[in-house]
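Let's go through a few labels together and see what stands behind each one. Have a look at the model first.

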Amino acid sequence: MLAVVFERKGGPEVLEPKEVPEPSPVEGQELVRVEAVGVNYRDVYEREGRSYGSAPPAIIGAEGAGVIERTGERVAWSHVPASYAQWVAADRDALVRVPDGLSSELAAAALLQGMTAHYLVTDSYPIEHGDWVLVHAAAGGVGLLLTQLAKLRGGRVIATTSTEEKSVLARGAGADEVIGYDGFAARVRELTGGEGVAAVYDGIGKTTFLEGLRALRPTGRMILYGAASGQPDPLPFASLAPAGSLYVQRPTLQTYTRTPELLRTRASALFALIQDGKLDVRIGARYPLAEARAAHEDLEARRTTGKLLLLPA
Ligand SMILES: NC(=O)c1ccc[n+]([C@@H]2O[C@H](COP(=O)([O-])OP(=O)(O)OC[C@H]3O[C@@H](n4cnc5c(N)ncnc54)[C@H](OP(=O)(O)O)[C@@H]3O)[C@@H](O)[C@H]2O)c1
């Protein structure tokens, strides 16, 4: 079968399409024919060897949707190693059923980033009606979903984006205000009448984290859920007191989907929002599986919007 392998840590150039043997499922696993693979920033971390996923040599990736060979059932997954492939051997507990009427492409596009956006607005900081929140990289995969879910909870969203095209998308997702990154904390204070936001949702990290703390209202929550620009500098705990008794969380989807029940409950809630027409999943680009390298180059160069998919067929 065709799979995308990385034999050493490094940049997008270490990703190589290769013919490899089909995986053999062991007890508790299913052999799944992959119909769509989800590209996520975690794949970049995995490729770079930032303590994520598999160590090289390995097939990269974690998310996808397809058909169980034995039963014909359509399923999706967010945490199955070696997902950049035509076939995966997946733990049964890691699979969620895809409802009729939802395509495999949409399921693969929505699951990982959608469940992330979902726990961010319901658990990391449960947004209340009228709350101001700041969503960084709002035209990205997580960002567009997060903006829509924040609005569904009655929040008011200030979004950051880097280009005019991305700001139009963020507005389309419901953002009340869209700003650039330069001096964003001061701008957030102006827009919120000096008060600051209840929560900052930050998947960027190094270049935004410390300034983001200055955008929070007293007792506000900094939710650092990713590090697309690198890990932030260390934060002295004592600085949180004079800044307004702030909270900081570093969450991961794995915690919020750590049992099959938690995974399936959150996936069902997400799929229902999509099927009810309340949540729009934007597929920004599709690439043949063999062109995974181009997808990574585009993602890291900030050229992408919404979700990137790799198609094995
Ligand atoms: N903790 C969790 O559970 C969890 C789960 C899923 C994803 N995540 C995190 O969520 C974040 C977003 O992931 P995603 O897959 O949806 O990616 P994405 O948001 O589609 O892409 C990253 C975006 O970040 C912005 N960015 C700002 N500075 C950047 C830099 N130096 N390098 C690259 N991008 C930069 C860019 O948007 P602009 O050009 O508009 O700035 C870029 O498009 C990542 O940090 C990821 O690790 C966390």
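Q: Where is Thr219 placed?
A: Thr219 sits in strand β13, residues 216-224; a strand here is a DSSP run of E with at least two residues, numbered from the N terminus. Keep in mind that this is a predicted model, where local features need pLDDT of at least 70, side-chain atom pairs count only at pLDDT 80 or more, and totals for chains, interfaces and linings use all residues. Residues are numbered from 1 along each chain as its sequence is written, and side-chain values use heavy atoms, with hydrogens and water left out.

Q: Why is Thr219 called partly exposed?
A: Buried means under 20% relative accessible area and exposed over 50%, with partly exposed in between (1.4 Å probe, protein chains only). Thr219 has 44% relative accessibility, so it counts as partly exposed.

Q: Why does Ser245 count as partly exposed?
A: Its relative accessibility is 46%, so Ser245 counts as partly exposed. Ser245 lies in the loop between β13 and β14 (247-249).

Q: What is the phi of Ser245?
A: Phi of Ser245 is near 50°, a positive value in a residue other than glycine. Most residues other than glycine have a negative phi.

Definitions and conventions: Helices (H or I, at least four residues) and strands (E, at least two) are DSSP runs, numbered from the N terminus.
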